[in-house]
Amino acid sequence: MYDFFEKILSPFIFVIESFFFFFESKFNTPIFSIVVTSIFISLILLPILRLSKKYEEKTEVKISFIEGKLKDIPKNLSGEDRFRAIEKVYNEYDFHPIQNVYRGLSFYVVLPILISAYLFFRKNIDAFDIEVLGIINLSKPDNLIFGINLLPFFIFFINYLDAIFRSSHITSGKSNYLVISFLICILIYSMPSCMTLYWATSSIFSFIFNFFSRKKFNS
């Protein structure tokens, strides 16, 4: 399975690999090279992220409007009558629940890059078998406090803050984002710290980008 993804994502893996080893040759500091590589890759994606963010914002506005219309449906309606009333609202405003998927469009843009980064670190894991300040071995989970990996929880915290901020006008989306953020935390919990450090940097960049995008959108 890894071979399949490596072939499909080989251009992205090559770019990440090129950036990392370039910075490593200049600074010879793995942690710094990982962080700067993540930032540079995020900057390259910025034009695509801006386009996806605009589409997300339009989708959020539409979903918020639809949710308001659904609240106007009499509460005493139930069963088939309620279903028809909901369907009427959807048809009137050309909406389908599947459009909720577009609310996470910017994440879908970043996801192939994060998978590519994982494959890069996996392929070169021996190069990250390095102790940093005697605290973290980059080729292993961070185990920062009593064997507990903190970086995945930090990523969860940043992603959840980002999700709440992005869905501030749509309360129904917050619980969904919480579940997604928690699942991501579980999936990456045992990953080597070189990967979680890369992901944490990408998450911080995404949060800052979404913060300023939302601020501009609301102004």
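This is a predicted model: local features need pLDDT of at least 70, side-chain atom pairs count only at pLDDT 80 or more; totals for chains, interfaces and linings use all residues.

Reader: Nice. Within what distance do the axes of helix 3 and helix 5 come, and what is the hand of the crossing?

Author: The two axes come within 8 Å, and helix 3 passes helix 5 in a right-handed crossing.

Reader: Which residues make that contact?

Author: Helix 3 brings I34, I41, L45, I48, L49, S52, Y55 and E56. From helix 5 come L105, S106, F107, V109, V110, I113 and F121.

Reader: And how do the residues of that contact divide by class?

Author: There are 12 nonpolar, 2 polar and 1 charged residues where helix 3 meets helix 5.

Reader: OK, other partner now. At what angle do helix 2 and helix 3 pack?

Author: Helix 2 (residues 10–27) packs on helix 3 (residues 30–71) at an angle of about 140°, and their axes are 9 Å apart.

Reader: Who's touching whom in the contact of helix 2 and helix 3, and which residues are they?

Author: On the helix 2 side you have V15, I16, F19, F20, F23, E24 and F27. Helix 3 answers with P30, F32, S33, I34, V36, T37, F40, I41 and I44. By class, this contact has 13 nonpolar, 2 polar and 1 charged residues.

Reader: Switching to backbone: what is the phi of N28?

Author: N28 has a positive phi of about 50°, although it is not a glycine. You'll find N28 in the loop between helix 2 and helix 3.

Reader: Is N28 buried or exposed?

Author: N28 counts as exposed, because its relative accessibility is 61% and the cut-off for exposed is over 50%.

Reader: I also had my eye on F146. Where is F146 found, and what is its phi?

Author: F146 is in the loop between strand 2 (136–137) and helix 6 (150–166). F146 is not a glycine, yet its phi is positive, at about 50°.

Reader: And F146, buried or exposed?

Author: F146 has 83% relative accessibility, so F146 counts as exposed.

How values were computed
Residues are numbered from 1 along each chain as its sequence is written. Side-chain values use heavy atoms; hydrogens and water are left out. Axes are lines fitted to C-alpha atoms, for helices over the stretch in contact, and angles run from 0 to 180 degrees between N-to-C directions. Helices (H or I, at least four residues) and strands (E, at least two) are DSSP runs, numbered from the N terminus. Contact means heavy atoms within 4.5 Å. Ala, Val, Leu, Ile, Met, Phe, Trp, Tyr, Cys and Pro count as nonpolar, Asp, Glu, Lys and Arg as charged, and the others, Gly among them, as polar. A crossing is left-handed if the near helix is turned anticlockwise from the far one by less than a right angle, and right-handed if clockwise. Buried means under 20% relative accessible area, exposed over 50%, partly exposed in between (1.4 Å probe, protein chains only).
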